[in-house]
Amino acid sequence: MTSQITIRRPDDWHLHLRDGAMLAAVAPETARHFGRAIIMPNLVPPVVTGAQAAAYRERIMAALPVGSGFQPLMTCYLTEDTDAEDLAKAKADGIITAVKLYPAGATTNSASGVTNFDKVRPVLERMAEIGLPLCVHGEVVDSDIDIFDREAVFIDRVLDPIRRATPDLKVIMEHITTSQGVDYARAGGANLGATITTHHLVINRNHILVGGIKPHYYCLPVAKREEHRLALREAAMSGEATFFLGTDSAPHPDHLKEHACGCAGCFTATNTMSVLAEVFEQDGKLDKLEAFASLNGPAFYGLPANGDTITLQKGDPVDYPAKIPAGDDEVTVFQPGFPLHWRVV
Ligand SMILES: NC(=O)N[C@@H](CC(=O)O)C(=O)O
Ligand SMILES: [Zn+2]
Ligand SMILES: [Zn+2]
């Protein structure tokens, strides 16, 4: 029985760090185990320009524990008014690593996102030319499309046309939640990657709804049927270069999660590596954890893997806090619903 594994230090290719007191609370949680993370730009107001990304990066650096080697990889939020020149300069200056596409209204703080995808076509063409990847929240927002179908419909109506029109654009399907997402990503060739979250490997829609509503399991894209969770697990544990970890750890204060109109987002930064080791072990695939968490992501982004390693050891159930304090608020840590035996030592 394996009781210890050592892997290259992992990276998180989709992370929400927020700002202010929340940033101060959650940045150390990710920096404890992760080398780098792609930082989502959906602040209020969003991080739209290279200058705003540079300023946000400084605030993140200031929130890190002294001596932390954690490196935030910044993104800009794509709007219909985004200036391609500004993005190109921010990339050339080493400020941004990717650009984020939110369909307007699809998720938390996405009101400034894109409604008419034709309007961003010239920006996407420029990004393809200069090798600047596009991270995509892949859900349509049409009110006549059932929320459980929004990812699959987005692939057909929006993503596939964008990729056909701009085949050289590197695209990351963020936080895929369906077998359709897995299939499309798998068939997409070297310019298409897909991130998978920790929580979507653990929960299906029953976990949210059976026996009383569980607001801390509500996130977007919403967890789907069990067959989709199993497809995600198979993809994450396949070792295929297309699939890599993006936790989508998305903290909200508990009072806004446990609310009549609760916010979408699961906070997994604190225990992600323990959860991942547990689920990979459950499926007999611990040997594939390093590819998923530490190797495939940097390879897709054209970056070296981290030079150092982390070691996970198996033992008595791990104690992790149920909540972490954030200013005057608290944030509930994702509870997988089974004990975690793997700790990062
Ligand atoms: N995933 C979520 O449910 N929420 C994210 C936004 C997002 O990634 O879509 C957030 O910013 O809270
Ligand atoms: Zn999203
Ligand atoms: Zn997210």
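This is a predicted model: local features need pLDDT of at least 70, side-chain atom pairs count only at pLDDT 80 or more; totals for chains, interfaces and linings use all residues.
Where does UniProt place the feature "active site" in this protein? An unreviewed UniProt entry puts it at Asp-248.

Let us locate Asp-248 first. Asp-248 sits in the loop that runs between strand β9, residues 243-245, and helix α9, residues 254-257. Is Asp-248 buried or exposed? Asp-248 counts as buried, because 28 C-beta neighbours lie inside 10 Å, where 20 or more are required. If we set aside the neighbours within four places in sequence, the contacts of Asp-248 are His-14, His-175 and Thr-197. The backbone of Asp-248 also deserves a remark: its phi is positive, about 55 degrees, although the residue is not a glycine.

His-175 belongs to the loop between β7, residues 171-173, and α6, residues 179-186. His-175 likewise has a positive phi, near 35 degrees, and is a residue other than glycine. His-175 counts as buried because it has 28 C-beta neighbours inside 10 Å.

I turn now to a second annotated position. Lys-100 is found in strand β5, which spans residues 96-101. With 26 other C-beta atoms within 10 Å, Lys-100 is buried. Not counting residues up to four places away in sequence, Lys-100 touches Met-40, Pro-41, Thr-75, Tyr-77, Leu-78 and Cys-135.

My next topic is the packing of two helices. In general, such a pair is described by the angle between the axes and the distance between the axes. Here the pair is α3, residues 84-92, and α4, residues 121-130; they pack at an angle of about 25 degrees, and their axes are 9 Å apart. The angle is under 35 degrees, and therefore α3 is roughly parallel to α4. The crossing of α3 and α4 is right-handed.

Which residues of α3 and α4 meet? From α3 come Ala-84, Leu-87, Ala-88 and Lys-91, and from α4 come Pro-122, Val-123, Arg-126, Met-127 and Ile-130. Of the residues in this contact, seven are nonpolar, two are charged and none is polar.

Pro-122 is one of the α4 residues in that contact. Is Pro-122 buried or exposed? Pro-122 is exposed, because it has 11 other C-beta atoms within 10 Å, and 12 or fewer is the cut-off for that class. Pro-122 and Arg-164 are 42 residues apart along the chain, and their C-alpha atoms are separated by 14 Å.

Val-44 and Pro-45 are joined by a cis peptide bond, with omega about -5 degrees. Pro-45 lies in the loop between β3, residues 36-39, and α2, residues 50-63. A cis peptide bond also joins Leu-220 and Pro-221, where omega is about -10 degrees. Pro-221 is placed in the loop between α7, residues 205-209, and α8, residues 226-236.

To close, I return to the opening question. Thank you for your attention.

How values were computed: Residues are numbered from 1 along each chain as its sequence is written. Chains are lettered from A and ligands numbered from 1 in the order in which they are written. UniProt positions are given in the numbering used here, feature names are shortened, and annotations may be inferred rather than shown by experiment. Helices (H or I, at least four residues) and strands (E, at least two) are DSSP runs, numbered from the N terminus. Two residues are in contact if their C-beta atoms, placed from the backbone, lie within 7 Å. Axes are lines fitted to C-alpha atoms, for helices over the stretch in contact, and angles run from 0 to 180 degrees between N-to-C directions. Angles under 35 degrees count as roughly parallel, over 145 as roughly antiparallel, 65 to 115 as roughly perpendicular and the rest as oblique. A crossing is left-handed if the near helix is turned anticlockwise from the far one by less than a right angle, and right-handed if clockwise. Ala, Val, Leu, Ile, Met, Phe, Trp, Tyr, Cys and Pro count as nonpolar, Asp, Glu, Lys and Arg as charged, and the others, Gly among them, as polar.
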